[in-house]
Structure formats: structure tokens, C-alpha cells
Amino acid sequence: MEVTLVQINNSLLRPPRINRRIAMHSHVRSLSILSEITDNSVDSSISSTREPKTVYNDNWFDRLAIRHLSHSLQSSTGMRSERRGYDGLIEAATMASRRFTPIQQRSLVIQTLETAFPKPILSLIKAFLPPSKFAREYFAVFTTIFFSWLVGPCEVKESEFQGKKERNVVYVPKCRFLEGTNCVGMCTNLCKMPSQAFIKESLGMPINMVPNFEDMSCEMIFGQEPPSQSSDPAFTQPCFKQCKEVRKHHRNCTS
């Protein structure tokens, strides 16, 4: 009986060699994909709990007014924003809030408003519209028509003034500036306080701006003197958890 010997190639019995570099790359890539999927799922859950950001369709007048105010603010602060439109205005305001103290911010905004609105025109309005029911209601209507590009859609509401009913309140359901900055400190120092001072000084009209930080609405009450800062509820409100200034710079932007 003949026995046939078969020579087996030893290489066939060895396990295949694995390129460690390729294997490691694949492992890292798998972890990266897993991390990305996890992050996206977390982001989705967070964004789904927040209200979607309001989209504004600015017309030519809105864009012109936004550009004019943004450039005036940038000139006052000495800083430049590369962004256009309302995003440029928000960026300019954000840079000002980071660089200057609250008192300096208010002074810069007043300077900006004095540059943006010609003083002779304001003086004429002040002379021809002394404080009265007509003036208070006129300013309320004027604001809803010509300044919705700044604060968002708004309407005139009725209130009681010295025992009588007047339509002297501008109600803003969702303030565009507050939504854009998402910061209580920027609302109070770059809008509320300087605007109250500017309108009182340039137009002779007291105004109390009452922001609601729960729903981002605001009321502008013409003819009403604002409370002092120490007793103003707007200054007892901590900033939003989503405030970029708090998250990035770990500072109290409301003081």
C-alpha cells in the first residue's frame, strides 16, 4: 500500500496578519461615529425643548434702519462687525457688552442714538409734542409703525393713566433684540436703561420699559416714570442658562 505524502503550506495554517495601523484607524473611526451619533441625539433633544428662533423677513426700510443703527453703534464703540443685517447689530452689541462696563455701555448707546437720530428733529418733536394724552398715544403708535424692525412685531394696548384709559402702551410679544442676544444684561444695559434715558431727555417723554424674561415679551409704557434701578424687577433677574456670555466667560452679565 502506497502512502502519498502531501506537503502543506505552513502559511495556510497561520492566522492572517492584521495591519495594526488600519485596525486602530477603524477602531478610532468607529468611536468617532458613535460619539457623533450620541452628540447629535443629545443636541436634538435639547433643541426640541426650545422654541424655534423667529424668522424675520425684513423689507428695504427695515434693512436700511438696521444697517444705520448697527454702523452708528460700531462707530461709537470703535469696533467692527463683519456680519450684515440684524446679526451684525447683535454682534456689535455683544462686543460692546464684553469690552465695556454696564455704565459705559449705557453711555455708548445714548451716544449711538444721538448720532442715529438728528437732534434738530428731536428738538422740534419735543417742542411741538409736550407731555399729554395725545403725545403719549402718538409715540405709542409711532413706535409700532417705525420700530418693529428693532424690537419685532408689536401692538398698542390700553392702560390706565391718572385714572383714565389711554392707549399709551406698546406691547411686544417677543422682543427681537432679547431673543437675538439671549442675555438679560444686554437687555437692561444696552436697551432698557439707555432708551429710557434717551427718550426722556430728547423727547421730554417719560417711559418705563418692562421686559418679561419668562416669555421674552416687553411693555413700553409712555408717560410712566421708570423705577430706580435698586427697585426695578428687571435687575433682580439672573441671566438665562443659555446666555453665551455666562457659558463662555463665566461672568455675571446682569450687573
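Below are my entries, one topic at a time.

**Ground rules.** I am looking at a predicted model, where local features need pLDDT of at least 70 and side-chain atom pairs count only at pLDDT 80 or more, while totals for chains, interfaces and linings use all residues. Numbering starts from 1 along each chain as its sequence is written, and side-chain values use heavy atoms, with hydrogens and water left out.

**The sheet.** I looked up the strand order first. It is β1-β2-β4-β3, an open sheet of 4 strands with antiparallel pairing. Because β1 (155–161) and β3 stand at the edges with a single partner strand each, one side of each has no neighbour in the sheet. Neighbouring strands are turned by 30° against each other on average, direction ignored. For my own record, strands (E, at least two residues) and helices (H or I, at least four) are DSSP runs numbered from the N terminus. Two strands pair if DSSP finds at least two bridges between them.

**β1 with β2.** I found 6 bridges joining β1 to β2 (residues 164–172), and the two run antiparallel. K157 stands opposite V169 in β2. The two strands form a hairpin with 2 residues between them, and Q162 in that turn has a positive phi of about 50°.

**β2 with β4.** Here I noted 4 bridges, again in the antiparallel sense. V170 stands opposite M220 in β4.

**β3 with β4.** How many bridges pair β3 with β4? There are 6, in the antiparallel sense, between residues 207–212 of β3 and residues 217–222 of β4. I207 has F222 in β4 as its bridge partner, and N212 stands opposite S217 in β4. This pair is a hairpin too, with 4 residues between the strands, and M216 in the turn has a positive phi of about 65°.

**Helix α10.** I moved on to residues 184–203, which make up α10 with its 20 residues. From its first C-alpha to its last it reaches 26 Å, close to the 28 Å expected at 1.5 Å a residue. The expected span is 1.5 Å times one less than the number of residues. Where does α10 bend? The bend is at P194, by about 30°, taken as the angle between axes fitted to the seven residues ending there and the seven starting there. I also checked cover: 17 of the 20 residues of α10 are buried (under 20% relative accessible area; exposed is over 50%, partly exposed in between, with a 1.4 Å probe and protein chains only). Just after α10, G204 takes a positive phi of about 70°.

**α3 and α4.** The axes of α3 (residues 60–77) and α4 (residues 85–99) come within 9 Å and cross at roughly 20°. The two helices are therefore roughly parallel to each other, a label for angles under 35 degrees. The 15 residues of α4 should span 21 Å, and its end C-alpha atoms are 22 Å apart, which agrees. Among the buried residues of α4 I wrote down Y86, L89, I90 and A93.

**Q229.** Last, I looked at Q229, which is in the loop between β4 and α11 (244–249). Q229 is partly exposed, with a relative accessible area of 39%.

Methods: Axes are lines fitted to C-alpha atoms, for helices over the stretch in contact, and angles run from 0 to 180 degrees between N-to-C directions. Angles under 35 degrees count as roughly parallel, over 145 as roughly antiparallel, 65 to 115 as roughly perpendicular and the rest as oblique.
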